[in-house]
Amino acid sequence: MRIANVFVALAATTLMLAGCASQKEPAEKALAQVESSVAEFRADAEKYALDELQGVDESIARLKNSVANKDYSAVVKAAPALNSTITALKETIATRKADAEAMMAAAQSEWTDLSAKVPQMVEAIQSRVDTLGKSRKLPKDMDKATWETVKTDFETMKTEWTDATAQFASGQAGEAVRKAREVKAKGDQILGQLGMTPSA
Amino acid sequence: MSTDNPYAQYHVVKKGDTLSKIAEEYYGDKMLYTKIFEANKDVLQDPNKIQPGQKLRIP
């Protein structure tokens, strides 16, 4: 009876080992497929879905650990869910990338408009500031404090415009446009203080 | 300043206007009429001869 039990135990162990061995190839294949899928979009994922990518990487690390421990069935069991997560992540990345590209296109378009208007503003204001700087008196609608403010604000405006153009040149279109909007608003304010009604 | 600058300011000459008066209105200083004359040489030959209705650029 005792010998029979030993045989049964040996048979069970053999079957279990055989079962594990039969899962090895599917497990390694599933892991390779997951890693290959992630490699395809890793660069975009790092840019648009870093947190989600870290979650997937942690799952992959667990699968690798299971393979190292010869727990192939765990890998085969977990792979489908991870594949679903990867598919969802791909969709998230595609959506976020499209949104980012649309925002970039809008920023480029707004920049084109602002980069035409602001230098014209600067030119018009500079001309008036230069002329008023030669005047012995100020126009009747302008007091000295306003004139001093105009000069200070105009210098700030020019500096900020230089900053905005540098930001745009370095690829920070969104930031550049935000700054350029502020610069234009300041320019509008200065034009008003100088009593310069734009013709357009 | 370029003539197509949308932020350029213009003054339409009224009866009784002179470049000196216009300069005083915009700059506070009559003597700066030359600035207006120089900016409008395409339409003015003589700083003492301006006509009502003329549109002058105020630099």
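In what order do the elements of chain B run from the N terminus on? I read them as β-α-α-β, with helices (H or I, at least four residues) and strands (E, at least two) taken as DSSP runs numbered from the N terminus. I note that this is a predicted model, in which local features need pLDDT of at least 70, side-chain atom pairs count only at pLDDT 80 or more, and totals for chains, interfaces and linings use all residues. Residues are numbered from 1 along each chain as its sequence is written, while chains are lettered from A and ligands numbered from 1 in the order in which they are written.

I next looked up the dimensions of chain B, whose C-alpha atoms fill a box of roughly 25 × 20 × 15 Å along the principal axes.

Then I turned to the contacts between the chains, where 15 residues of chain B meet 20 residues of chain A, a contact being two C-beta atoms, placed from the backbone, within 7 Å. Strand 1 (9-12) and helix 1 (19-27) of chain B each supply at least two residues of the side that touches chain A, and the largest share, three residues, comes from helix 1 of chain B.

Last, I checked helix 3 (residues 72-134) of chain A, which has 63 residues and reaches 86 Å from its first C-alpha to its last, close to the 93 Å expected (1.5 Å times one less than its number of residues). Helix 3 of chain A bends by about 35 degrees at A:Ala79, with a proline, A:Pro80, following within four residues; the bend is the angle between axes fitted to the seven residues ending there and the seven starting there.
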